[in-house]
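Please consult the sequence and the structure shown here while reading.

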Number of protein chains: 2
Amino acid sequence: MPVAELSHAQLARLGAADLRAEIRNGQYTRHTAGLAAGKLQCNLAILPEADALDFIRFCQRNPKPCPVVAISDTGRPQMHTLGADIDIRSDVPRYRVFADGALIEERTEIAALWQDDFVAVALGCSFTFENALIAQGIPIRHIERDQTVPMFRSNLDLVPAGPFHGKMVITMRPVRADRVADAYEISRKYPLAHGAPIGHGDPASVGIADLSQPDWGDAVEVEPGEVPVYWACGVTPQNVLTNARLPLCITHAPGHMLIADIPEDAEIPIFHPENKQ
Amino acid sequence: MPVAELSHAQLARLGAADLRAEIRNGQYTRHTAGLAAGKLQCNLAILPEADALDFIRFCQRNPKPCPVVAISDTGRPQMHTLGADIDIRSDVPRYRVFADGALIEERTEIAALWQDDFVAVALGCSFTFENALIAQGIPIRHIERDQTVPMFRSNLDLVPAGPFHGKMVITMRPVRADRVADAYEISRKYPLAHGAPIGHGDPASVGIADLSQPDWGDAVEVEPGEVPVYWACGVTPQNVLTNARLPLCITHAPGHMLIADIPEDAEIPIFHPENKQ
């Protein structure tokens with residue numbers, strides 16, 4: 001008997017653990033924006049151990065686009081530093097599977113694909129600093145309009161490591177000119193969620209030819225009195241992973257994040273069972 | 001012809017790159033406290049690649065005692081994300097070499113010991129947040145008295161990874177009761193330098209039997225009106241490394257740090273040759 005999926009509104013009332021249980025059971029397979037308010041949400045990359053050290057080196061060298069918040073043991077699908085009973089094979093609503101750099105399928109669980117040499121790496125995401133900006137009176141237009149943040153290939157070189165290299169992918173959010181300094185100060189407090197902007201102002205300065213033509217996501221207008229502000233984007237590691245053409249790697253589907261049991265403003269991304277943060 | 005070593009005072013006037021050149025040439029082999037003011041100083045661990053992924057996992061899971069600021073390529077002694085022309089075989093004033101967990105020698109360079117499978121990991125150190133505390137009017141007694149910070153084995157379990165596990169080593173600094181909250185707020189801004197304290201007050205609460213009997217360093221008195229405040233300590237990874245009894249690993253000698261070309265208050269520990277931070 002097929003089970004009807006729960007609605008986004010029904011899910012929004014659940015805590016992180018209950019929400020992951022619904023996701024694990026296949027009751028919810030859509031995007032996680034706005035769910036489990038206040039909890040850290042994570043980008044995900046799963047790859048064979050043979051490339052894991054280079055990938056983690058790459059992330060360490062590019063901490064703004066690739067802030068590492070957890071690394072699984074090799075072959076073990078549990079992510080015990082991110083929460084109680086997280087199974088990375090089933091607890092993300094939607095996965096993407098890449099072979100030799102090509103997307104071969106989207107799935108809602110990856111149990112049958114799990115390998116003894118897999119390492120799962122979780123990376124912070126922009127939901128965290130967006131929530132902080134909104135809480136401090138800096139509105140985020142693409143959220144107000146229920147759109148996807150505009151993303152662009154920048155001209156910013158990433159620091160390479162092994163097979164991983166390329167240009168940084170960046171997002172743009174318009175900010176009122178008198179709040180740009182605040183946007184830097186607020187988001188800098190979240191180094192595990194891309195940190196401070198990588199720049200602002202002239203799109204050409206970061207390699208963007210036309211703000212109305214994002215490479216991914218929806219175009220967002222910059223209104224009079226506003227400045228375009230650019231942040232490092234979590235699409236960067238996905239892009240770099242596919243460019244490296246690994247025989248097999250798995251990521252979350254964009255927007256379909258892993259939800260941790262950790263407050264998004266936690267100083268460190270480590271779950272302690274005894275204090276259930 | 002033996003060359004006389006430069007004095008600490010002579011060295012204190014040099015920038016990071018000039019200082020490293022003196023260290024590389026064997027002109028200076030002593031501790032680096034107070035040198036290259038404003039630059040990031042780093043703890044160091046060098047180990048074979050076979051254990052590097054587990055060690056980095058361990059550091060990621062224990063970011064307060066083990067804040068990773070750089071990871072070398074395997075077999076390459078350059079640390080290009082920390083500065084221009086850093087050679088990790090020669091640019092630290094004093095090294096310790098461990099075999100099967102036992103200290104076998106101290107050296108001032110390790111060129112002859114370097115292996116093609118070595119990975120060097122640099123970790124943030126407490127000099128950074130101490131400087132910030134002092135700058136904001138919170139004095140550090142062991143520095144005023146030219147002593148070594150008192151270090152203790154705590155009762156705080158580290159999150160294990162592979163062969164790496166144990167208890168956290170912590171430092172104690174007395175802080176006037178009305179500045180304890182400030183000490184948390186100030187040091188929390190330096191996640192790459194141990195971050196906020198792990199606790200304060202009753203020594204028994206963190207497993208310290210007697211504050212006057214540190215396991216390493218010098219005893220420092222807590223005066224009336226002061227509270228003992230505890231921070232995660234960079235001796236933790238050294239302790240964990242030696243307990244893991246790797247066939248061979250190399251660390252800096254305590255206090256004899258790697259000096260980077262990066263400002264100690266940088267948001268991310270990445271050196272950009274073009275902007276010479």
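Phe98(A) has Leu103(A) in strand 4 of chain A as its bridge partner. The model is predicted: local features need pLDDT of at least 70, side-chain atom pairs count only at pLDDT 80 or more, and totals for chains, interfaces and linings use all residues. Residues are numbered from 1 along each chain as its sequence is written, chains are lettered from A and ligands numbered from 1 in the order in which they are written, and side-chain values use heavy atoms, with hydrogens and water left out.

- Strand 3 (residues 95-99) and strand 4 (residues 102-107) of chain A are antiparallel and pair over 5 bridges; strands and helices are DSSP runs numbered from the N terminus (strands E, at least two residues; helices H or I, at least four), and two strands pair if DSSP finds at least two bridges between them.
- The hairpin of these strands has 2 residues between them, and Asp100(A) takes a positive phi near 50 degrees there.
- Strand 3 of chain A is also joined to strand 10 of chain A, in the antiparallel sense, by 4 bridges.
- Tyr95(A) has His252(A) in strand 10 of chain A as its bridge partner.

- His252(A) belongs to strand 10 (residues 249-252) of chain A.
- His252(A) counts as buried because its relative accessibility is 2%, where buried means under 20% relative accessible area, exposed over 50% and partly exposed in between (1.4 Å probe, protein chains only).
- The side chains of His252(A) and Asn43(A) make a polar contact at 3.0 Å, that is, a pair of N or O atoms within 3.5 Å; within protein, one must be able to donate a hydrogen and the other to accept it, and residues adjacent in sequence count only if both atoms are side-chain atoms.
- A polar atom of the His252(A) side chain lies 3.1 Å from the backbone nitrogen of Leu44(A).
- Leaving aside residues up to four places away in sequence, His252(A) touches residues including Val92(A), Arg94(A), Gln238(A) and Met257(A), contact meaning heavy atoms within 4.5 Å.

- An open sheet of 4 strands in chain A has the order 6-7-9-8, with antiparallel pairing.
- Strand 6 (151-157) and strand 8 (199-200) of chain A are at the edges with a single partner strand each, so one side of each has no neighbour in the sheet.
- Strand 7 (residues 167-176) and strand 9 (residues 226-232) of chain A run antiparallel and are joined by 7 bridges.
- Met172(A) has Tyr230(A) in strand 9 of chain A as its bridge partner.
- Helix 7 (residues 235-243) of chain A packs on the sheet and touches strand 6 and strand 7 of chain A, its direction making about 160 degrees with that of strand 7; axes are lines fitted to C-alpha atoms, for helices over the stretch in contact, and angles run from 0 to 180 degrees between N-to-C directions.
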